[in-house]
Amino acid sequence: MNAVRARNESAWLLPAGPGTDERLRRNMRGYADGDEVDIVIVGCGAGGATLLQRLARAGWTAVALEAGPFWDPERDWVSDEAGSHHLYWTEPRIIAGTDPVPLGSNNSGRGVGGSMVHFAGYAPRLHPSDFHTFSADGVGADWPLEYADLRPYYEDLEEELPVAGERWPWGDPHGYPHRPHPVSGNGELLLRGARACGITAKVGPVAIANGRFGNRPHCIYRGFCLQGCKVNAKASPLITHVPDALAHGAEVRAEAMATGIGLDERTGQATGVRYLRHGVERFQRARMVAVAGYSIETPRLLLHSTSKRFPDGMCNDFDLVGRYLMVQGAPQTAGRFDAEVRMWKAPPPEVSTEEFYETDPANSYRRGFSIQTVSPLPITWAEHVAAQGHWGAELRRYMSDYPHWACLGALCEFLPLAENRVTLADERDRNGMPIARFSYSQCSNDRQLMVAAQHVMEQILTAAGAAEVITINRYAHLVGGARMARDERSGVVNRDCRSFAVPNLMVTDGSVLPTQGSANPALTIMALAARTAAVLSTGARRGVLTSVKE
Amino acid sequence: MSGFTPDPANNDGRYPGFSTVGQSKHWDAATAAVVMARLGRAVDIRFFTPVEEAAARALFDQLLNQHDEPRVPVVNLVDARLTEEETDGWHYEDLPRDGEAWKASLAALDAETGARWGCSFALASRTQQARVLGEIQSLHKASWHGFPADRLWGLWTRYACTAFYSHPWAWDEIGFAGPAYPRGYKNLGVDRLEPFEVRDARPGEDPVRKPGDGQ
């Protein structure tokens, strides 16, 4: 048996070809609410599912509560933009601030597999510099751990997803387990334009199998990665970690919306999770609780979990829950070519450059951005064109030119700011729970990065032969909101993702990131969860946790 | 370019003869069910009142330049979304939830044309309608009938474009090949087409360098 299969057999547990692991689901272990399981995890996305799989392998009794459905890709997903609306978290939320950030399809998933079901597939690592931006540049924050602490988990997960790409020259240089994919017109033009500008660009890194992987088939280049991969070629925890978790006795309880975390006022320990399932309120008892609902729902759940000990929300002694939430500035610049690009063919994630990732002392701003291919489908492309002010006949005329356009996207490292945060609104959802209010305002460094990134994308497209370029300003990804830090006055959790305030409460999702770099966050979220699982399973049998401090 | 000629044999657009639906035998069943339903009878209006429906029809006809039949039934598609509260999962703090924002903003369109020309938005002339919309768009962040104009514009165009560009007729007009599972693509790269794709017959209609009568 090869090493990756010995660590995670998911790809071999799926049926050969597209489809789902029906037998695993039918035979899935089920726990009663009254059973005190070793761990209950809220959310079954990048962080939750990785933790679930690792701990189930280590012999823990583990249940993941997932608000959305347990997907059957063949039945539930379609090769269609508008028909994929159910993949997104569309419960009401309020957006505010001077630069409000749209949620839903933009960055919020639901269902088993989480947002990775509809992520493009880019799986870059953070750079070593990301872990101490405050010491080095006086911006952002220093992590309570270093790149070297995460490296072995990055390597493991790159094998498990698996990630395909050229040898990566940036950050900590490294190779990938799968060879780079062939590129389409859009990728070809980014490579051509970058070469003409003297900018290094590389194919990858994408979490899409290039060649057969276990029973998972080869990518068919249909271009609907953002609508959920029916092929089983693009990674999401639904196929990369959940099958192995189920085979090791874990339960994934779908359609279960967590509404509160139980607390024993006497011991100060979490007792389990209150949740709504099919209209009935229930409570799953557990020895340990991990929250992995991502940067909006994790703070919302913590803030909503009030008690005598935590009148302002669990773990919120220092008013840090929900704060330092970040998005990446993600301007998209498109270029018009006489040739036909047909950018919808092949996966949108193809080629990227991290040449502008690090701080350049010559610039007036700190930190940087990456540039990647993005390939909007018609509805998203119409949004791009409409943002230029076109409507009516002009909109239709621009749209009829669709095959001639190539499109690039940047990821700008926006800085963590205390006032960019989630709070609870007065408005309530259908369960009677206060909805999240997400406020975002950019700082001057953020704005400068957006301008600089647009300028480079325009240069690249023009050098590739574009006669005209148009840009839309948008945002991508979410991280932070319950960040890790060295002490309880700077963050909500420690380096192991354990909360400072409640010793048996973990946060294992993107909320814990103190900074974000210019990398798509999925791989880092998984690596952090895998590291936490390794720490937990090593110390698991030490008995009841009593100490608040490390 | 308003109105459609759904018969591909008579398709005189930039991709003559191309029909995504003509490829539907290559689609998976789940996708075919979702896409083909859009070609069936449009669902009845349930969310908008008759007065709101009239304003919404006129607004969508303007935004998408659909002034003749057959039309993509945008008003029905939007009405269905609002009935089912199929929102995008967020609303601006200074706008109410989507359904309420739609109702209030359509009433504001009627109030605007009522005050200026004594008629509802739907009964205003096309030129008058376009003038009102052009003015709202040029307000940017400024307030229009109590709403931030740019956010209202965003709400209208977002719903309009999502409905319109979900329809196979619109795909044929823009050369988009449509659903691609389980077949996928074999010919990747600049100017490389699949045997079933149709090349742009009028590449000179570049909207960038040769502005036409729309500008």
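A residue is called buried here if 20 or more other C-beta atoms lie within 10 Å of its own, with C-beta atoms placed from the backbone. The views below show a predicted model.

**View 1. Overall build of chain B.** Of the 215 residues in chain B, 41% are buried. The chain contains 7 helices and 3 strands, and these elements follow one another along the sequence as α-α-α-β-α-α-β-β-α-α. Along the principal axes, the C-alpha atoms of chain B fill a box of roughly 55 × 40 × 30 Å. Among the contacts in chain B with a separation of 6 or more, 62% are between residues 24 or more positions apart.

**View 2. Helix H2 of chain B and its surroundings.** Helix H2(B) covers residues 50–64. From the first C-alpha to the last, its 15 residues reach 21 Å, close to the 21 Å expected at 1.5 Å a residue. The helix is mostly covered, with 11 of its 15 residues buried. After H2(B) comes B:Asn65, which has a positive phi, near 50°.

**View 3. The interface of chains A and B.** Contacts between the chains involve 64 residues of chain A and 55 residues of chain B. On the chain A side, at least two residues each come from helix H5 (73–76), strand S3 (94–96), helix H8 (185–197), helix H12 (378–386) and helix H13 (393–399). H13(A) gives the most to this side, with 6 residues. By class, the side of chain A that touches chain B holds 32 nonpolar, 13 polar and 19 charged residues.

View 4. Strand S3(A) is joined by 2 bridges to strand S1 of chain B, residues 91–92. The two strands run parallel. A:Ile94 has B:His91 in S1(B) as its bridge partner.

**View 5. Crossing of helices H8 and H14 in chain A.** The axes of H8(A) and H14(A), the latter formed by residues 444–463, come within 7 Å. They cross at roughly 100°, so H8(A) is roughly perpendicular to H14(A). From H8(A), the residues at the contact are A:Leu190, A:Gly193, A:Ala194, A:Ala196 and A:Cys197. They meet A:Gln459, A:Ile460, A:Leu461 and A:Ala463 of H14(A). The residues of this contact divide into 7 nonpolar, 2 polar and no charged.

**View 6. A:Phe310 in a loop of chain A.** A:Phe310 lies in the loop between helix H11 (294–304) and strand S10 (326–329) of chain A. This residue counts as buried because 21 C-beta neighbours lie inside 10 Å, where the cut-off is 20 or more. Leaving aside neighbours within four places in sequence, A:Phe310 is in contact with A:Ser305 and A:Asn316. A:Glu265 is 45 residues away from A:Phe310 along the chain, and their C-alpha atoms are separated by 9.5 Å.

Technical notes. Residues are numbered from 1 along each chain as its sequence is written. Chains are lettered from A and ligands numbered from 1 in the order in which they are written. This is a predicted model: local features need pLDDT of at least 70, side-chain atom pairs count only at pLDDT 80 or more; totals for chains, interfaces and linings use all residues. Two residues are in contact if their C-beta atoms, placed from the backbone, lie within 7 Å. Helices (H or I, at least four residues) and strands (E, at least two) are DSSP runs, numbered from the N terminus. Ala, Val, Leu, Ile, Met, Phe, Trp, Tyr, Cys and Pro count as nonpolar, Asp, Glu, Lys and Arg as charged, and the others, Gly among them, as polar. Two strands pair if DSSP finds at least two bridges between them. A residue is buried if 20 or more other C-beta atoms lie within 10 Å of its own, exposed if 12 or fewer, and partly exposed in between; C-beta atoms are placed from the backbone. The expected span of a helix is 1.5 Å times one less than its number of residues. Axes are lines fitted to C-alpha atoms, for helices over the stretch in contact, and angles run from 0 to 180 degrees between N-to-C directions. Angles under 35 degrees count as roughly parallel, over 145 as roughly antiparallel, 65 to 115 as roughly perpendicular and the rest as oblique.
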